[in-house]
Amino acid sequence: MAAGVRGGRSQFTVVRPRAVMPQLKLQDLRGKDVAVAAKPGRITLVNFWATWCPACKLDLPMLASLAGSRPDRLDVVAICTDTKDLRKIRSFLGALAVQNLACYVDSYDAAAEASRAMFSLVGMPITYLVGTGGRVEGYIAGAPDWLSPTGARLLQFYREQG
């Protein structure tokens, strides 16, 4: 079964009912408005993080590596939850040398709104897995090793669910 990715205290938690991921109106790190949605046939990881969060300093580089290793089959959306200050966010990510990761700012509170409806922020960081059908399947709080064999098996399991 898919509930086996662990990283420290992290474990994949299945959520039911499986809600459809809404389109989120966010801003990219240049301040440009973007609409972020799950793409049919692809897995989307929606990561919520904060600049005050020590575990996020481990999680964001891992997610960037994951996104770079599977660009054709996986989308990673990283949303900063604690500030709308683009300079502060760019500086934070620059200090971590995080590149090739789609990071966004919740300038219009779209992610905050969605978190009340379906992305419960039970810890920080927290990553929701949206399956190939666009439905939220589950989440992992903390900084799991997505590049581990167990992480690869979890992603493959949901890729095959169609």
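## A pair in the sheet

Leucine 129 sits across from glycine 138 of strand 10. Strand 9 (residues 126-130) and strand 10 (residues 136-141) run antiparallel to each other, joined over 5 bridges. Strands here are DSSP runs of E with at least two residues, and helices are runs of H or I with at least four, numbered from the N terminus; two strands pair if DSSP finds at least two bridges between them.

This is a predicted model, where local features need pLDDT of at least 70 and side-chain atom pairs pLDDT 80 or more, while totals for chains, interfaces and linings use all residues. Residues are numbered from 1 along each chain as its sequence is written, and side-chain values use heavy atoms, leaving out hydrogens and water.

Zooming out, 8 strands make an open sheet of mixed pairing, in the order 3-10-9-6-7-8-4-5. Strand 3 (13-14) and strand 5 are at the edges with a single partner strand each, so one side of each has no neighbour in the sheet.

## The pocket

The largest pocket is lined by 14 residues, and Lys39, Asp75, Val76, Val77 and Ala102 are those nearest its centre. On a 1 Å grid over the protein atoms alone, a pocket is an open set of points where a 1.4 Å probe fits, with protein on both sides within 12 Å along at least five of seven lines; lining residues have an atom within 4 Å of a point.

Strand 7 gives the largest share of this lining, 4 residues. Strand 5 (33-36), strand 7 (74-80) and strand 8 (102-105) each contribute at least two residues.
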